[in-house]
Amino acid sequence: MMGTIRRRRLRVGLAALAVGLAAAGCGSGGASGTTDAGGVTTVKVGLIPITDVAPLYLGVQQGFFSAQKLKVEPQLAAGGAAIVPAVVSNSNQFGFSNNVSLIIAKSKGVPLQAITPGVGIAPDNNKACQVLVPKDSKIRDVKDLAGKTLAVNTLNNIGDVTIRAALEKKGVDPEGVKFTEIGFPDMVTAVETGRIDAAWECEPFVTSLQERGARSVLNNYSETHPNLAVASYFTSEAYAKSNPDVVRRFDAAVRQSLEYANAHPEEVRKILPSYAKIPADQAAKINMIAWPTTFQRDSIEELVRLTQKYKLIEKPVNLDDLIQEPKG
């Protein structure tokens, strides 16, 4: 029954997305961001105000984008549901989204392409997202999650897809776990009041809950793949075709920013309060995530397999269609 409800909700959500894209022109406009007399192109980039996108803000601060004659205008959104249609309609020229959202959109014919790695994990850098339970919870091990209610920020997405995969690896039937949708900030109160049994949190809320005594019972990202590619920067097929040089320059600036963030974690911590609702003292303590500068294709293949296994897509997505890195 729960699987049927999830599939029904997914079809409704994707239908709404398709309608929204059609109303927005579905990427038919090839107009680029404006370019001034000095050759500087202004681009709007759809972002989520979380730790994951810190490299882009650092890159702006360090002049990596201006060196590529780009001016970045961040367009903050709650998630990919808003960012994808904005990019495909050319309201934004680029966007940031988790890879499961991009896989689902691509499977439904949404004309987008991933161009640059966004964020991921590494074997020694993988604690930024975890499944947590209250300190006095009777859940002592992952197997105790059977029959319990577990919150994710968005249903039918990278959270519950990787949690299902991790549960199966641990011998727990994911169909026996009830997933509910709660925003990351609201999960803290939901856990502490007993409204839910467990929460899948990402930083800075992992640290916030752990400081209150919460315990981690599952690291779903690392259980799914040790080098999981979590999210990517993407653009529309129409924009990439009409503005290949802008896309190439954006890609170059982002990759330089990713390298800089990996080499300067303390600067990442310092810039977080400037765009995310993270106090400086908390930013100094959170678990960092990794920013790979190349696509971890085998891990994205695994996400495609899992997304189909859990019936969020009907047939596999070809990675050569989804990932199209700029040339030159």
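In which helix do aspartate 245 and arginine 248 lie, and how many residues apart are they?

A: Aspartate 245 and arginine 248 lie in helix α11, which covers residues 244-263, and they are 3 residues apart, about one turn of the helix. Helices (H or I, at least four residues) and strands (E, at least two) are DSSP runs, numbered from the N terminus. The model is predicted, and for that reason local features need pLDDT of at least 70 and side-chain atom pairs count only at pLDDT 80 or more, whereas totals for chains, interfaces and linings use all residues. Residues are numbered from 1 along each chain as its sequence is written, and side-chain values use heavy atoms, with hydrogens and water left out.

The side chains of aspartate 245 and arginine 248 form a salt bridge, with an N to O distance of 2.8 Å. The term denotes a side-chain nitrogen of Lys or Arg within 4 Å of a carboxyl oxygen of Asp or Glu. Asp245 and Arg248 also belong, with Arg249, to a network of salt bridges. Aspartate 245 has 38% relative accessibility and so counts as partly exposed; arginine 248, at 27%, is likewise partly exposed. Here buried means under 20% relative accessible area, exposed over 50%, and partly exposed in between (1.4 Å probe, protein chains only).

The count of salt bridges comes to 13. One of them joins the side chains of glutamate 266 and arginine 269 at 3.6 Å, N to O. Both of these residues lie in helix α12 (residues 265-271), 3 residues apart, again about one turn of the helix. Glutamate 266 is partly exposed at 49% relative accessibility, while arginine 269 is buried, with a relative accessible area of 15%.

A further salt bridge brings together the side chains of arginine 164 and glutamate 175 (3.8 Å, N to O). This pair links distant parts of the chain, since arginine 164 belongs to helix α6 and glutamate 175 to the loop between α6 and β7, 11 residues apart. Arginine 164 is buried at 4% relative accessibility, and glutamate 175 is partly exposed at 47%.

Two strands pair if DSSP finds at least two bridges between them.

Within the sheet, β8 runs parallel to β6, to which 2 bridges join it, and antiparallel to β5, with 4 bridges. Alanine 199 in β8 is the bridge partner of alanine 151, and leucine 132 also stands opposite alanine 199. In a regular strand the side chains alternate between the two faces of the sheet. Both faces of β8 are covered: Ala198, Trp200 and Cys202 are buried on one side, and Ala199 and Glu201 on the other.

Cysteine 129 stands opposite cysteine 202 in β8, and the two form a disulfide with their sulfur atoms 2.0 Å apart. A disulfide is a pair of cysteine sulfur atoms within 2.5 Å, and the count comes to 1 disulfide. The link of cysteine 129 and cysteine 202 is right-handed, with 115° about the S-S bond. Cysteine 129 lies in β5 (residues 129-133) and cysteine 202 in β8 (residues 198-202), so the pair ties together parts that are 73 residues apart in sequence.
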